[in-house]
Amino acid sequence: MNNFPTGTVTFLFTDIEGSTKIAQGHREQWETLRARHHAILQSAMDAHNGHVFQIIGDAFCAAFHTTGDALRAAVKSQVDLNAETWGEITIKVRIGIHTGKAEIQANGDYNGYITLSRVQRLMSAGHGGQTLISLATQELVRDELPHDITLRDMGQRRLKDLNQPEHIYQIVIPNLLSEFPALKTLDLQLNNLPAQLTRFVGRERETAAVLGLLRNADVRLVTLTGAGGTGKTRLSLQVAADILDEYEHGVWFIELASIIDPQLVLPTIASTLKVKESAETSIEQILHDHLHNLQLLLVIDNFEQVVSAASVLGHLLSVAPKVKVLVSSREVLHVRGEHAYPVPPLGLPESKRKQTAAVLAQYEAIALFIQHAQSAKPAFMLDEENASTVAEICTRLDGLPLAIELVAARSRMLTPQAMLEKLSSHLKTLTGGARDLPARQQTIRGAIDWSYELLDETEKVLFARLGVFIGGWTLDSAESVCGKGLSVDVLNGLESLLDKSLIRQMEGGSGESRFTMLETIHEYAYEKLSQSAELDSIQRAYANMIADLLGKALAAMSGPDEVTWFAKLDDEFDNLRSAMEWTLA
């Protein structure tokens with residue numbers, strides 16, 4: 001690795017066009033074909049001083065010290081692949097080349113995210129047999145092109161997930177195909193996806209999982225669920241951009257945040273698709289007729305406040321067999337064929353484990369903090385002095401993207417340590433979001449208010465009562481503390497709150513199913529309980545439940561269930577301490 005290029009690096013990425021289809025349709029020949037492909041590419045890289053640092057399936061990732069070597073390796077790859085006798089199956093490879101900043105790491109990977117993302121997107125915009133290079137590479141290589149190689153100016157194009165357009169050039173190689181379909185870039189695709197002003201951080205696992213669902217022929221409806229601020233919308237837009245070229249008639253983003261009448265869902269979809277209404281025919285029939293033979297993806301955002309219109313989506317999908325729908329909602333839709341995907345918080349480090357700043361920066365939550373802190377204060381750096389504090393901030397915020405963005409935006413005025421000290425009350429601290437965001441996303445309180453107001457009165461009462469628990473609860477404890485005078489069965493109430501992403505389900509150390517809330521949501525719930533007239537009675541029921549639990553545990557000591565009861569007490573440690581403090585007070 002000592003000889004691997006670092007600093008300013010030219011990267012060459014490759015991909016076999018239609019490899020999944022080839023692998024599925026020719027299972028017996030696939031491994032042989034892939035091995036021959038690998039040998040051809042490896043030979044081309046080696047012949048021109050290329051360093052292959054990663055091979056993912058059939059995709060090569062290589063680094064070069066010079067742009068000239070990278071270009072010559074690409075030319076040799078395409079010439080040799082074209083000369084190979086493949087038989088009935090032809091292997092066509094698309095190649096992207098870009099030059100930018102990146103540093104080689106001890107594990108052999110590179111950490112230049114922007115550079116690596118650009119070359120990946122550049123390669124993905126091409127077709128099998130096509131080689132594309134960026135403007136940065138073109139400026140370095142144009143004066144040393146081999147005499148028979150030319151560059152074709154493809155103009156400025158928008159690449160997926162990149163803020164600025166890229167000026168793209170195609171390498172034209174004599175005796176090889178030089179005419180290809182239009183580049184698969186956002187500006188030439190049928191879509192209305194909004195341009196993103198910030199880099200997408202992390203979520204590789206979630207993105208891959210949702211893409212896998214949408215690419216499954218049997219899956220027509222995917223619902224991204226999660227509490228306010230978990231990044232459902234951002235994930236849906238990233239997935240939509242990644243899968244854009246797989247839908248013949250486009251990918252369409254439908255925003256429902258301003259819609260509260262379920263009857264307006266279909267007209268909003270029709271308006272987005274430019275489907276004209278008619279006095280003679282219902283909008284439902286017009287939309288069904290329009291979509292019947294189209295292959296497209298509808299990305300529908302903020303469905304929770306019109307969830308009663310979910311059956312409309314089910315009917316639409318039944319009459320439009322090639323349409324798929326990706327929904328983001330704080331509540332599952334409960335329609336046939338729905339595949340709900342809970343969007344988790346961003347990845348966090350283990351709180352008790354000491355790690356260096358470089359290692360901590362790789363965690364998704366901390367990477368997002370750094371991005372937004374540097375937007376507010378360009379000189380901000382994660383170093384050994386502040387890294388553990390930033391990690392603690394992100395952990396205290398449960399890895400919620402919105403919460404992290406709101407706190408990191410204060411970096412212009414506050415140090416990480418000062419931020420941490422102010423986090424004693426999350427709801428007061430987490431304000432001041434970007435003015436171009438919806439009002440509910442400018443503060444964490446606004447995000448939770450939005451979910452709370454969608455609850456019915458009984459659900460609001462149960463939600464507030466659950467705020468008495470610290471560290472989670474079981475069904476039995478919720479029934480004991482919260483069930484009195486409630487007009488709904490506690491189990492059904494918990495299920496509804498779980499569906500609405502206000503509580504989460506987990507397994508305790510004793511193996512018993514438990515429920516919990518994210519810290520910011522718990523603070524909100526306890527605030528609602530504190531403002532009610534039943535705070536004292538719920539606290540008393542809570543203390544009685546804990547006392548009863550302790551009595552049962554003591555009776556079980558030295559018996560066959562002793563270990564199980566120790567695990568139960570460990571699960572309830574925070575509740576034990578809280579009940580004791582209230583009782584003593």
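Contact means that heavy atoms lie within 4.5 Å of each other. Axes are lines fitted to C-alpha atoms, for helices over the stretch in contact, and angles run from 0 to 180 degrees between N-to-C directions. Helices (H or I, at least four residues) and strands (E, at least two) are DSSP runs, numbered from the N terminus.

This is a predicted model, in which local features need pLDDT of at least 70 and side-chain atom pairs count only at pLDDT 80 or more, while totals for chains, interfaces and linings use all residues. Residues are numbered from 1 along each chain as its sequence is written, and side-chain values use heavy atoms, with hydrogens and water left out.

**View 1**
Five strands make an open sheet with parallel pairing, in the order β9-β10-β11-β8-β12. Two strands pair if DSSP finds at least two bridges between them. The edges are β9 (251–255) and β12 (338–342), and each of them pairs on one side only. On average, neighbouring strands here are turned by 20° against each other, direction ignored. Helix α8 (residues 265–272) lies across β9 and β10 (296–301). Its direction runs at about 135° to β9.

**View 1. Strands β8 and β11 side by side.**
Strand β8 (residues 221–225) pairs with strand β11 (residues 323–329). The sense is parallel, and the pair has 5 bridges. Which residue of β11 is the bridge partner of T223? The partner is V327. Helix α10 (residues 310–319) packs on this sheet and touches β8, β10 and β11. The direction of α10 makes about 165° with that of β11.

S329 sits in strand β11. Is S329 buried or exposed? S329 counts as buried, at 0% relative accessibility. Buried means under 20% relative accessible area, exposed means over 50%, and partly exposed is in between (1.4 Å probe, protein chains only). The residues that S329 touches are T223, L224, T225, G226, K232, F303 and E304, leaving out residues up to four places away in sequence. The S329 side chain also reaches the backbone nitrogen of E304, at 3.5 Å.

**View 2. The mixed sheet.**
Here 7 strands form an open sheet. Their order is β2-β3-β1-β4-β5-β7-β6, and the pairing is mixed. The edge strands are β2 (51–56) and β6 (150–157), each pairing on one side only. Neighbouring strands of this sheet are turned by 25° against each other on average, direction ignored. Strands β4 (residues 93–102) and β5 (residues 131–134) run parallel and are joined by 3 bridges. In β5, L132 is the bridge partner of G96.

Helix α2 (residues 27–47) touches β1 (7–16), β2, β3 (59–64) and β4. The direction of α2 makes about 5° with that of β3. Helix α4 (residues 113–124) packs on the sheet too, touching β1, β2, β4, β5 and β7 (166–172). With β4, the direction of α4 makes about 160°.

Side chains of opposite charge can pair when their charged atoms come close. A salt bridge is a side-chain nitrogen of Lys or Arg within 4 Å of a carboxyl oxygen of Asp or Glu. The structure holds 19 of them. One joins R72 to D69, with the closest N and O atoms 3.3 Å apart. Both residues lie in helix α3 (residues 67–83). They are 3 residues apart, about one turn of the helix. R72 is partly exposed, at 29% relative accessible area. D69 is buried, at 13%.

**View 3. A network of salt bridges.**
Salt bridges link R203, R205 and E206 in a network. R203 meets E206 at 3.8 Å, N to O. R205 meets E206 at 3.6 Å, N to O. How accessible are these residues? R203 is buried, with a relative accessible area of 3%. E206 is buried as well, at 1%. R205 is exposed, at 63%.

**View 4. Helix α24 and its cover.**
Helix α24 (residues 573–584) has 12 residues. The expected span of a helix is 1.5 Å times one less than its number of residues. The buried residues of α24 are N575, L576, S578 and A579. Their cover includes β14 (513–516), α22 (535–556) and α23 (562–571).

Terms used
Polar contact = N/O pair within 3.5 Å; in protein donor to acceptor, adjacent residues only side chain to side chain.
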